[in-house]
Amino acid sequence: MTKRADGTFIVESMSGAERAYRVDPQAGTCTCPHFVRRLSGTGQKCKHLQAVEITPQPTALERAAAKAAGLTDEELLRFAREKNGSPAGAACWLELARRRNLVQAENQPQVDLAAGTCTCREFMERRDGKRIGVIWITCRHLDKARQEAIKDGASVAPRPIPPGVLQLLEGASEAERERALAVYQR
Ligand SMILES: [Zn+2]
Ligand SMILES: [Zn+2]
């Protein structure tokens with residue numbers, strides 16, 4: 001089923017035949033033979049009209065959000081002001097806020113030395129990427145925090161093994177596993 005710009009739908013035949021009908025939910029019409037010959041004018045609906053009616057349509061805000069995602073910051077700010085109070089304006093404000101949060105997370109990463117995690121993009125990408133050969137995950141913030149902890153004279157306790165590392169070690173060879181764990185126990 002595809003929606004056209006004019007508000008009508010193209011619905012494929014349900015009998016498996018390679019046919020498609022045009023359904024107009026506004027007018028309550030369909031081009032299928034059953035509707036044209038028997039139902040037209042009776043107020044009854046064919047299965048294609050019924051299918052279109054039960055298909056959830058994206059809300060105005062969802063459609064606006066999809067569009068906003070493709071705009072530049074400058075365009076977003078302009079549209080947000082111009083269309084303030086409408087779904088389009090709301091979607092622009094939300095997208096701007098989402099981008100600001102991303103930038104903030106990047107500039108002030110939260111390092112959790114004990115858990116061996118960081119909220120920066122570098123760490124996230126390494127964690128999500130699970131690249132072959134990467135058997136422990138770190139980033140410049142975690143590295144710095146570890147060095148500072150050592151410099152402060154903290155007894156160099158065994159490094160905790162972050163959950164991400166254990167995940168990566170699933171399927172690793174025995175040698176890889178030993179090497180990775182040794183790093184954390186040094
Ligand atoms: Zn029909
Ligand atoms: Zn980081």
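Which residues of α5 are buried? They are Ala-91, Cys-92 and Glu-95, where buried means that 20 or more other C-beta atoms, placed from the backbone, lie within 10 Å of the residue's own, exposed means 12 or fewer, and partly exposed is in between. Seen down the axis of α5, these buried residues fall within an arc of 105 degrees, so they line one face of the helix; the arc is that of the directions from the helix axis to the C-beta atoms. On the other side of α5, the exposed residues are Ala-97, Arg-100, Asn-101, Gln-104 and Asn-107.

This is a predicted model, in which local features need pLDDT of at least 70, side-chain atom pairs count only at pLDDT 80 or more, and totals for chains, interfaces and linings use all residues. Residues are numbered from 1 along each chain as its sequence is written, while chains are lettered from A and ligands numbered from 1 in the order in which they are written.

Helix α5 covers residues 87-107, and its 21 residues should span 30 Å at 1.5 Å a residue, which agrees with the 30 Å between its end C-alpha atoms. The expected span is 1.5 Å times one less than the number of residues. The buried residues of α5 pack against α3 (60-68) and α4. Arg-78 is in α4 (residues 73-82). Its C-alpha lies 9.0 Å from that of Cys-92, at a sequence separation of 14 residues. Arg-78 is partly exposed because 13 other C-beta atoms lie within 10 Å.

The protein has nine helices and six strands, taken as DSSP runs numbered from the N terminus (helices H or I, at least four residues; strands E, at least two). Four of the strands form an open antiparallel sheet in the order β1-β2-β3-β4; strands pair if DSSP finds at least two bridges between them. β1 (2-3) and β4 (29-30) are at the edges with a single partner strand each, so one side of each has no neighbour in the sheet. β1 and β2 pair over two bridges, and Lys-3 has Phe-9 in β2 as its bridge partner.

Phe-9 also belongs to the largest nonpolar core, which has nine residues, among them Tyr-21, Cys-32 and Cys-46. β2 (9-12) and β3 (20-24) are the elements that give two or more residues to this core. A nonpolar core is a set of buried Ala, Val, Leu, Ile, Met, Phe, Trp, Tyr and Cys residues joined through C-beta atoms within 7 Å. Over the protein, 16% of the 186 residues are buried.

Note on methods: Contact = placed C-beta atoms within 7 Å.
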